[in-house]
Amino acid sequence: MRLALSIIVIVVSVAILGRAWFSEIRPFDILRQSLVRLPGFVRSRWRLSLMILLACLLLPFGSLVAGGLIRLPALRTGAGLIWQGLFTALLALIAIRIHRGLIKREIIDGLRFGHRERRMVAYVIAVWLAMTILKLIPIAALEAGAPFAAARILEALTTPLSILLTAALVLVGPAASLDDPTPLRTAISSFRAQPLAILAIVLLTQLMWGLGGLALALVATGIGIDSPLQVVTIGFSIALIAAVFIVSEQALAIALTRVRLNVYDEDTRGRDYNADWH
């Protein structure tokens with residue numbers, strides 16, 4: 001069943017990407033612009049880039065500490081979820097600096113926790129909780145004694161639902177950071193306006209994560225744990241995670257402003273990332 005589900009997901013994803021190529025907001029151009037801007041971002045905002053790098057280092061470190069110190073599986077799972085929630089909140093505080101720097105030209109490299117930031121974190125954590133609960137449903141059903149086949153059916157149902165929900169809510173963060181009065185409604189209406197384009201951006205960023213992880217796993221299989229190359233591999237892994245985070249957050253901010261051009265036209269008119277759009 002898992003193989004069949006994987007084949008279906010691949011076929012549907014290819015079809016979505018093919019149709020999204022002709023989308024009005026041009027999602028492939030959005031990701032290209034985000035990738036092109038990455039070196040300049042790292043050079044001009046090196047303090048924020050270093051902060052992102054250090055933040056990405058915290059995720060595996062915290063998971064390893066929780067796994068090593070806590071023996072009870074339920075407590076270990078709970079501690080891991082709490083750590084992921086805190087990590088998500090930290091990334092939201094960083095993402096607001098990326099969004100506002102790109103769209104509003106507000107260059108602030110330090111973290112703040114004012115009203116705008118608290119609102120952004122609240123929305124992002126709410127979305128993260130919804131996605132986490134959805135992903136845990138098959139696991140919870142299996143642990144509750146449900147038949148293995150039933151748990152697999154639940155997984156088959158929740159996997160596409162998770163992708164759709166991610167696409168529908170992925171613009172909540174950028175909308176909140178850009179002071180939209182109703183980020184949730186704006187994210188859903190933007191998805192309804194350009195569903196294939198936003199799905200394409202979500203799928204392509206997830207593909208970037210997946211291919212990077214696969215490449216690193218293949219490299220790591222030939223490196224011993226005590227090898228000095230292990231440090232290099234870990235460093236490259238963390239740098240790759242940070243780069244994908246920067247690219248994806250820039251892409252989401254550009255996508256939001258293209259969908260809602262009537263709102264953000266004054267902020268984005270004549271900007272280099274829209275030079276090849278119209």
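Colleague: Hi! Where is the place of Gly110?

Modeller: Hi! This is a predicted model, and in it Gly110 sits in the loop between helix H4 (73-103) and helix H5 (115-143).

Colleague: Which residues is Gly110 in contact with, leaving aside its neighbours within four places in sequence?

Modeller: Those are Met51 and Arg97.

Colleague: And how far apart are Gly110 and Arg47?

Modeller: In sequence they are 63 residues apart, while in space their C-alpha atoms are 8.1 Å apart.

Colleague: What is the relative accessible area of Gly110?

Modeller: For Gly110 the value is 35%. Partly exposed covers the range between under 20% (buried) and over 50% (exposed), so Gly110 counts as partly exposed.

Colleague: New topic! Which residues make the nonpolar surface patch?

Modeller: The patch is made by Trp46, Leu50, Leu53, Leu54 and Leu57, and its area is about 470 Å².

Colleague: Which helix does Trp46 lie in?

Modeller: Trp46 belongs to helix H3, which runs over residues 46-69. With a relative accessible area of 46%, Trp46 is partly exposed.

Colleague: Let's move to H8. Which residues are buried there?

Modeller: Helix H8 covers residues 183-193, and its buried residues are Pro183, Thr186, Ala187, Ser190 and Phe191.

Colleague: Why do the buried residues of H8 line one face of the helix?

Modeller: Looking down the axis of H8, you find its buried residues within an arc of 130°, so they line one face. As background, an α-helix has 3.6 residues a turn, so residues three or four places apart point the same way.

Colleague: Nice. And what is on the other side of H8?

Modeller: There you find Arg185 and Arg192, which are exposed.

Terms used
Residues numbered from 1 in each chain as written. Predicted model: local features only at pLDDT ≥ 70, side-chain atom pairs only at ≥ 80, totals over all residues. Heavy atoms only, no water. Patch = residues over 30% accessible without salt bridge, like charges linked within 9 Å, V, L, I, M, F, W, Y side chains within 5 Å. Areas by Shrake-Rupley, 256 points an atom, 1.4 Å probe, with all protein chains shown as cover. Salt bridge = Lys/Arg side-chain N within 4 Å of Asp/Glu carboxyl O. Helix = DSSP H or I, 4+ residues; strand = E, 2+ residues; numbered from the N terminus. Buried < 20%, exposed > 50% of the residue type's maximum accessible area, 1.4 Å probe, protein only. Arc of directions from axis to C-beta. Contact = heavy atoms within 4.5 Å.
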